[in-house]
Amino acid sequence: MLLVLSEEYKEHLAFLPKVDPAVVFEFGRIAVEFLKRGINSKVYEGAARKLGFPITTVQHGVEGLMFLLTESSKLMISDIDFKDSVMVLGFSTELNEILLQLYVENHSTIRSTLTQLAPSLPSYHNLEWRLDVQLGSRSMRQQVVPMVTMLLHLTTGNSDNRRCCLQTNPSTLLHLIAVLEAALASMKNNHARRILRNIK
């Protein structure tokens, strides 16, 4: 699988051939650090002063490199595919080898960092439900108004429990069940399996 870069990121990466290979390595290190600890604008200022380039040019160069490494790590691109993806940019062989080396050395670190940054979504723990039926009122003696009340218990990664109270009529509940069953069925097709393999 090849990584396809947008024109914007190609422009950002076009800065890399203008600097020394050692600087490209340093940019790669900065990009990985920024993923772990967040962006530090002082680093951009210092690098721009040393290189004699505008801060925005340096910033775009590092961000382009950060995007290249993170997207490649996310998609688990092989070394050969990464090399082919970078070759399209028209860089020198030496620069392509440097970028490949940066990817190979940092790809597992980037994946573990991205895993830690992923939000911990609540998961199902328990469900309590009750069916209420109103059979009549002062204005209407004979009526049937069914209502399903559900208390959904959720747990998050840090073992906090949350409860959500939901109320709906049976026809809406049946529609919701049908939509969820269709979503589960679509997870079994080849396209969905291919996407899941790439995410893992």
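Biologist: How do the residues of the lining of the largest pocket divide into nonpolar, polar and charged?

Modeller: Eight are nonpolar, two are polar and none is charged. Here Ala, Val, Leu, Ile, Met, Phe, Trp, Tyr, Cys and Pro count as nonpolar, Asp, Glu, Lys and Arg as charged, and the others, Gly among them, as polar. Before we go on, this is a predicted model, in which local features need pLDDT of at least 70 and side-chain atom pairs count only at pLDDT 80 or more, while totals for chains, interfaces and linings use all residues. Residues are numbered from 1 along each chain as its sequence is written, and side-chain values use heavy atoms, without hydrogens or water.

Biologist: What makes a residue part of the lining of the largest pocket, and which residues are they?

Modeller: A pocket is an open set of points on a 1 Å grid over the protein atoms alone, where a 1.4 Å probe fits, with protein on both sides within 12 Å along at least five of seven lines; lining residues have an atom within 4 Å of a point. Those of the largest pocket are Leu-127, Met-150, Leu-152, Leu-166, Thr-168, Thr-172, Leu-173, Leu-176, Ile-177 and Leu-180. β2 (145–155), β3 (161–168) and α7 (170–186) each give two or more of them. The largest share, five residues, comes from α7.

Biologist: Why is α2 called roughly parallel to α6?

Modeller: Helix α2 (residues 21–37) and helix α6 (residues 93–117) pack at about 5 degrees, with axes 10 Å apart. Angles under 35 degrees count as roughly parallel and over 145 as roughly antiparallel, so α2 is roughly parallel to α6. Helices are DSSP runs (H or I, at least four residues), as are strands (E, at least two). Axes are lines fitted to C-alpha atoms over the stretch in contact, and angles between N-to-C directions run from 0 to 180 degrees.

Biologist: And how do you know how α2 and α3 are oriented?

Modeller: Their angle is about 175 degrees, with the axes 12 Å apart, and the two helices are therefore roughly antiparallel to each other. In contact (heavy atoms within 4.5 Å) are Val-23, Phe-27, Ile-30 and Phe-34 of α2 and Val-43, Tyr-44, Ala-47 and Leu-51 of α3. The residues of this contact divide into eight nonpolar, no polar and no charged.

Biologist: Which residues line the second largest pocket?

Modeller: Val-23, Glu-26, Phe-27, Arg-29, Ile-30, Val-43, Gly-46, Ala-47, Lys-50 and Leu-51 do. This lining has six nonpolar, one polar and three charged residues, and α2 and α3 (41–51) each supply at least two.

Key
Angles under 35 degrees count as roughly parallel, over 145 as roughly antiparallel, 65 to 115 as roughly perpendicular and the rest as oblique.
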